[in-house]
Number of protein chains: 2
Amino acid sequence: MRIALDAMGGDHAPGAVVEGSLKAAEEWPDAELYLLGHEPLVRPLIGSQPPTNLHLQVVEEWIEADEEPVRAIRRKKGSSIVVGCRMVKEGEMDAFISAGNTGALMAAGTMVTGRLSAIDRPALSPVFPTLDGKGMLVLDVGANPDARPEHLKQYALMGSLYAEKVMGQEKPRVGLLNIGTEEGKGNALTKEAYEEIRRLPVHFVGNVEARDILHGVCDVLVSDGFTGNVLLKNTEGIAKGVFGRLKEELTRNPLTKLAAAILKPGLKRFAQDLDYKEHGGAPLLGLKGPVVKAHGSSDGRAVFNAIGQARRFVERGVIPGISEELQRLERG
Amino acid sequence: MRIALDAMGGDHAPGAVVEGSLKAAEEWPDAELYLLGHEPLVRPLIGSQPPTNLHLQVVEEWIEADEEPVRAIRRKKGSSIVVGCRMVKEGEMDAFISAGNTGALMAAGTMVTGRLSAIDRPALSPVFPTLDGKGMLVLDVGANPDARPEHLKQYALMGSLYAEKVMGQEKPRVGLLNIGTEEGKGNALTKEAYEEIRRLPVHFVGNVEARDILHGVCDVLVSDGFTGNVLLKNTEGIAKGVFGRLKEELTRNPLTKLAAAILKPGLKRFAQDLDYKEHGGAPLLGLKGPVVKAHGSSDGRAVFNAIGQARRFVERGVIPGISEELQRLERG
């Protein structure tokens with residue numbers, strides 16, 4: 001299995017990408033890892049004797065985090081993101097992982113790797129932390145801000161398959177993000193989508209309210225990309241704000257620092273449970289090949305987790321599974 | 001000034017409503033407070049010699065928290081919520097406050113009190129906590145789940161006026177909840193609304209992302225009711241989950257309990273800063289009279305705060321102000 005990695009994307013690139021890849025190369029000797037990176041920056045990090053299954057694939061350009069996505073992928077055809085998506089499309093690579101510019105990866109995934117023929121819009125699908133540590137797959141969080149009911153139906157199907165095969169959840173519970181739990185609640189979109197999803201061969205548990213996400217009331221949460229994006233950023237913003245303020249309180253004076261030392265193991269465990277990076281990256285579901293968006297702030301461990309996830313994504317045949325289900329549905 | 005209170009609504013009714021009203025009657029002798037309540041339940045609480053400006057207005061029925069809103073207000077015409085909204089419409093009361101069934105209050109506000117003629121949809125407008133303690137008015141959080149761009153424009157105008165007059169913010173910064181900060185980002189709704197709001201006589205600061213809310217990047221945040229409701233419930237859910245887990249860590253063993261005792265003042269201050277109840281209730285903006293939804297879990301202090309807020313809502317002429325602004329806009 002060949003997995004390509006964007007060595008140039010993410011806040012801690014290329015260091016974190018190389019670190020995670022070195023660890024993964026050792027952990028999974030059957031995986032051939034290809035770092036798409038600028039030679040002068042990446043070569044020194046992998047050393048003169050890298051593991052035999054870790055390779056450098058030289059690229060001369062890359063897309064910065066703040067570039068306008070569509071323009072960037074048009075102008076930088078030799079960039080790590082465009083090259084990675086193209087290699088997946090052409091079958092040279094079995095999967096591609098990037099912690100870089102999210103918009104550019106979504107655009108290149110859609111325009112270069114390409115959509116499955118029965119999928120109207122791909123969905124960016126991160127795992128949200130839950131208090132039980134299992135996590136919840138949420139799709140879409142922004143690939144498609146103007147979703148229609150049939151898109152949400154496709155998300156439910158793809159999310160359920162992914163949660164089962166990659167996250168190892170038996171009969172994943174699929175919920176629809178809504179503003180009330182009763183049937184018939186919501187806006188025009190969710191009311192229609194509810195009717196579509198209930199007819200699917202998935203374990204649909206109905207409407208789910210945002211207040212219950214942390215409690216893990218479902219395994220797969222379906223949402224339009226606008227609301228899902230707001231949810232993601234709100235969650236990140238609160239987590240950051242709360243832990244920031246907590247740190248302030250803990251370091252206020254020598255006495256609180258003493259208290260902090262006592263509480264440290266528990267608080268650290270808590271922070272880890274709520275850490276996105278523990279759950280690997282977000283697959284772009286609906287494409288012809290596995291493309292995974294790792295968190296922008298990924299460290300070596302997050303990259304390692306994303307590689308493990310991409311491996312299962314390929315190995316367990318998620319994309320052929322999605323194609324089959326869609327064909328079965330179309331035949332009625 | 002006459003302010004009616006739903007003595008029967010909220011998790012801690014009628015106790016908390018009476019408690020808050022007794023305190024408010026003393027604080028503001030110019031306000032005549034009317035408790036709409038069931039006599040056997042409320043009379044014993046106000047005692048035989050209540051303050052001269054605190055009155056019991058007897059109602060024989062009320063709407064429970066889990067009743068279907070529209071059916072409930074049709075069937076229970078003598079309920080505290082319907083009576084309160086009617087008294088405001090008929091000018092018998094200057095304002096009405098309820099901590100009861102949110103859907104029923106929104107329905108009675110719209111159907112009984114009635115909308116201002118130039119307003120298509122009223123907006124439920126709570127204040128979200130921010131780390132600086134100032135709070136941010138967010139509208140709408142669920143009165144209108146299928147918003148159109150012109151609704152968002154009206155929210156911007158009403159929210160700005162309310163923030164200025166009731167919350168005392170000079171030149172309130174109005175933001176549009178969106179999934180990117182740059183102009184041109186978003187879904188079809190926010191792209192159009194952006195163009196509408198920028199032409200208003202308000203201090204528009206552009207698109208705001210959910211991750212920046214806690215940091216108080218604007219004073220008034222405009223959103224469709226679906227997304228706003230998801231935002232509200234997500235924030236409440238995370239706050240509850242995080243403080244719950246924190247409590248677990250702090251009470252794990254005798255040593256962590258000692259640490260907790262040291263940190264208590266700081267953590268308490270923090271929890272208060274993030275407490276919705278500190279900021280009073282949520283006005284239903286766009287109605288012909290002041291109707292305020294207090295939080296369902298309101299204690300006496302929250303009711304007291306909501307009364308102070310309703311007082312300013314009336315005194316500072318927010319609703320005449322909204323009407324004037326709308327007329328001025330229509331004349332171009």
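This is a predicted model: local features need pLDDT of at least 70, side-chain atom pairs count only at pLDDT 80 or more; totals for chains, interfaces and linings use all residues.
Domain 1 of chain A comprises 1–119 + 286–316, and domain 2 comprises 120–283. The contact between them draws 24 residues from domain 1 of chain A and 20 residues from domain 2 of chain A. Together the two domains bury about 1,800 Å², with 58% of it on carbon and sulfur atoms. Three residues stand out on the domain 1 side. Ile119(A), Gln309(A) and Arg316(A) supply 29% of the area that domain 1 of chain A buries against domain 2 of chain A, more than any other three residues. Zero salt bridges are found across this interface.

Chain A superposes on chain B by a rotation of 180 degrees, with 0.0 Å of shift along the axis and an RMSD of 0.0 Å. Ala259(A) is the residue of chain A that comes closest to the axis, its C-alpha lying at 2.2 Å. Of the interface residues of chain A, 100% are also interface residues in chain B, so the copies meet through the same surface.

In chain B, helix α10 covers residues 300–315. Its 16 residues should span 22 Å at 1.5 Å a residue, and the end C-alpha atoms are 23 Å apart, which agrees. Of these residues, 12 are buried, so α10(B) is largely enclosed by the rest of the structure. Among them are Val303(B), Phe304(B), Ile307(B), Gln309(B), Arg311(B) and Phe313(B). Just after the helix, Gly317(B) adopts a positive phi of about 60 degrees.

Terms used:
Residues are numbered from 1 along each chain as its sequence is written. Chains are lettered from A and ligands numbered from 1 in the order in which they are written. Side-chain values use heavy atoms; hydrogens and water are left out. Helices (H or I, at least four residues) and strands (E, at least two) are DSSP runs, numbered from the N terminus. The expected span of a helix is 1.5 Å times one less than its number of residues. Buried means under 20% relative accessible area, exposed over 50%, partly exposed in between (1.4 Å probe, protein chains only). Copies are superposed by least squares on the C-alpha atoms of residues with pLDDT of at least 70 in both. Contact means heavy atoms within 4.5 Å. Domain bounds come from an automatic or database domain assignment. Buried area is the accessible area (1.4 Å probe) that two parts lose on being put together, summed over both. A salt bridge is a side-chain nitrogen of Lys or Arg within 4 Å of a carboxyl oxygen of Asp or Glu.
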